[in-house]
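Subject: Structure handover

Hello,

Here is the structure for you to look over. Please open it alongside these notes.

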Amino acid sequence: AHDKARDLRWRLNGVKEREAWLKEAEKNEVESSVDWEEIKLCLALKWQRAARERRDREGGWGEVLEDMRLARFEGERGKAGLVQEMESRLERIQYDDNDDDYDGEKTVDLRGRRAACRVLASLDFVRLGL
């Protein structure tokens, strides 16, 4: 896990790289070169940093990070649970980026990818990095 985290941090070390990664991560699983496990790793690293900097109070992402550490979000049921946790916290902190303009069918994967990208945006991922 540490090697993957180091590699992801290295690949996402600049604003342009993070912008491109976020755009790619938001695509559906068939079109995207970013897989769900990498998205989860990115979220975990960002939540860890936000907690360390005491910037996660609004979203309560530390609780989600702990559930992730305990493997509660593995498999399809776990993925759906993580998506639900992210969506409910985004609603609670009233983070809105006009996501309502999407007319297509929202699968769990696509909902998860969009929620993850919104979570990262709410924590200033592009500007601050991991």
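Confidence first. This is a predicted model. The protein chain has a mean pLDDT of 86. Of its residues, 87% reach 70 or more. Helix H2 (residues 15–25) has the highest confidence, at 96. Helix H5 (residues 75–92) has the lowest, at a mean of 89.

Next, the largest pocket. Its volume is about 660 Å³. The lining counts 21 residues. Nearest the centre of the pocket lie Ala1, Ala5, Lys40, Leu41 and Ala44. Three helices each give at least two residues to the lining: H1 (2–11), H3 (36–52) and H4 (61–69). By class, eleven of the lining residues are charged, eight are nonpolar and two are polar.

Now H1 against H3. How do these two helices cross? Their axes come within 11 Å, at a crossing angle of roughly 85°. An angle of 65 to 115 degrees counts as roughly perpendicular, so H1 is roughly perpendicular to H3. H1 brings Lys4, Ala5, Leu8, Arg9 and Arg11 to the contact. H3 answers with Glu38, Leu41, Cys42, Leu45 and Gln48. Sorted by class, this contact has five nonpolar, four charged and one polar residue. Two of these names come up again at the pocket: Ala5 and Leu41 are among the residues nearest its centre.

Then H4 against H5. The axes of H4 and H5 come within 11 Å and cross at roughly 175°. Angles over 145 degrees count as roughly antiparallel, so that is how H4 and H5 run relative to each other. On the H4 side, the contact uses Trp61, Glu63, Val64 and Met68. On the H5 side are Leu82, Glu85, Met86 and Arg89. Five residues of this contact are nonpolar and three are charged, with no polar ones.

Best wishes

Key
Residues are numbered from 1 along each chain as its sequence is written. This is a predicted model: local features need pLDDT of at least 70, side-chain atom pairs count only at pLDDT 80 or more; totals for chains, interfaces and linings use all residues. Side-chain values use heavy atoms; hydrogens and water are left out. pLDDT is the predictor's confidence in each residue, from 0 to 100. Helices (H or I, at least four residues) and strands (E, at least two) are DSSP runs, numbered from the N terminus. On a 1 Å grid over the protein atoms alone, a cavity is a set of points where a 1.4 Å probe fits but cannot get out, and a pocket is an open set with protein on both sides within 12 Å along at least five of seven lines; lining residues have an atom within 4 Å of a point. Grid points are joined across faces, edges and corners, and a volume is the space filled by probe spheres set on the points. Ala, Val, Leu, Ile, Met, Phe, Trp, Tyr, Cys and Pro count as nonpolar, Asp, Glu, Lys and Arg as charged, and the others, Gly among them, as polar. Axes are lines fitted to C-alpha atoms, for helices over the stretch in contact, and angles run from 0 to 180 degrees between N-to-C directions. Angles under 35 degrees count as roughly parallel, over 145 as roughly antiparallel, 65 to 115 as roughly perpendicular and the rest as oblique. Contact means heavy atoms within 4.5 Å.
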